[in-house]
Amino acid sequence: MISICALVLLLLARPFRHSLDNLFAACVQLMLCLCFTAALAIKLCDWDSDDFNCSAAHSMCYTLIGFRASWQAALVVVGGSFAVLILVLSLSAWQTLASQPNPVIRLRSTGEIPTLFLGKGHHFHLF
């Protein structure tokens with residue numbers, strides 16, 4: 001519940017300046033929520049498999065989650081983890097490729113890069 005509340009607060013507050021940073025943080029919180037939910041699902045399926053009197057069609061794991069065994073739940077968790085990993089890597093690659101090296105300082109009147117001359121004995125500008 002705490003992870004879900006943290007995810008909701010993160011999505012509402014948007015604490016980071018850049019929207020992509022907020023998206024990365026939301027992906028991390030979502031993955032944390034999915035891992036906790038998956039751990040509960042795997043534990044429930046393991047608990048059901050220890051009960052020999054319960055048939056597969058009437059097991060609690062199959063009724064609540066839809067899996068007949070814990071390995072099926074684990075497979076979904078691994079697939080979801082790889083999907084979120086691919087999403088984060090593709091967002092990182094997109095941000096790297098889409099970013100352009102723009103000079104920060106421009107003249108207001110013309111929008112051009114200012115020409116800064118160095119005096120004798122000086123090796124760098126403040127900018």
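What is the mean pLDDT of the chain, and what share of its residues reach 70 or more? The model is predicted. Its mean pLDDT is 81. A value of 70 or more is reached by 88% of the residues. Helix H1 has the highest mean pLDDT, 89. Helix H3, residues 60-64, has the lowest, 79. Where pLDDT is low, predicted coordinates should not be read in detail.

The secondary structure consists of 4 helices and 0 strands. Along the sequence, the pattern reads α-α-α-α. The chain has 127 residues, and 17% of them are buried. Its accessible surface comes to about 10400 Å². Carbon and sulfur atoms account for 69% of that surface. Contacts were also sorted by separation in sequence. Among those between residues at least 6 apart, 40% join residues at least 24 apart.

The interior was examined next. In soluble globular proteins, nonpolar side chains tend to be buried together. Here the largest nonpolar core has 5 residues: Leu7, Leu10, Ala25, Ala26 and Cys33. Helix H1 (2-13) and helix H2 (19-50) each supply at least two residues of this core. The largest share, 3 residues, comes from H2. Ala26 belongs to this core. Beyond its neighbours within four places in sequence, Ala26 is in contact with Leu7, Leu10 and Leu11.

Serine 3 also lies in helix H1. Its relative accessibility is 12%, so serine 3 counts as buried. With neighbours within four places in sequence left aside, serine 3 is in contact with Gln29, Leu32, Cys33 and Phe36.

The loop between H1 and H2 holds arginine 14. Its relative accessibility is 51%, and arginine 14 therefore counts as exposed. The backbone of this residue was considered as well. Most residues other than glycine have a negative phi. The phi of arginine 14 is positive, near 45 degrees.

Helix H3 contains cysteine 61. Cysteine 61 counts as buried because its relative accessibility is 2%. Tryptophan 47 and cysteine 61 are 14 residues apart in sequence. Their C-alpha atoms are 8.7 Å apart in space. The mean pLDDT of helix H3 is 79, the lowest among the elements.

Val78, Phe82, Leu85, Ile86 and Leu89 make a nonpolar surface patch of about 500 Å². Two of its residues were examined individually. Leucine 85 is found in helix H4, residues 70-98. With a relative accessible area of 45%, leucine 85 is partly exposed. Valine 78 is placed in helix H4 as well. Its relative accessible area is 42%, so valine 78 is also partly exposed. Along the chain, valine 78 and cysteine 35 are 43 residues apart.

Conventions: Residues are numbered from 1 along each chain as its sequence is written. This is a predicted model: local features need pLDDT of at least 70, side-chain atom pairs count only at pLDDT 80 or more; totals for chains, interfaces and linings use all residues. Side-chain values use heavy atoms; hydrogens and water are left out. Patches are made of residues with over 30% relative accessible area and no salt bridge: like charges are joined within 9 Å, nonpolar side chains (Val, Leu, Ile, Met, Phe, Trp, Tyr) within 5 Å. Accessible areas come from the Shrake-Rupley method with a 1.4 Å probe; for residues, only the protein chains shown count as cover. A salt bridge is a side-chain nitrogen of Lys or Arg within 4 Å of a carboxyl oxygen of Asp or Glu. Buried means under 20% relative accessible area, exposed over 50%, partly exposed in between (1.4 Å probe, protein chains only). A nonpolar core is a set of buried Ala, Val, Leu, Ile, Met, Phe, Trp, Tyr and Cys residues joined through side-chain atoms within 4.5 Å. Contact means heavy atoms within 4.5 Å. pLDDT is the predictor's confidence in each residue, from 0 to 100.
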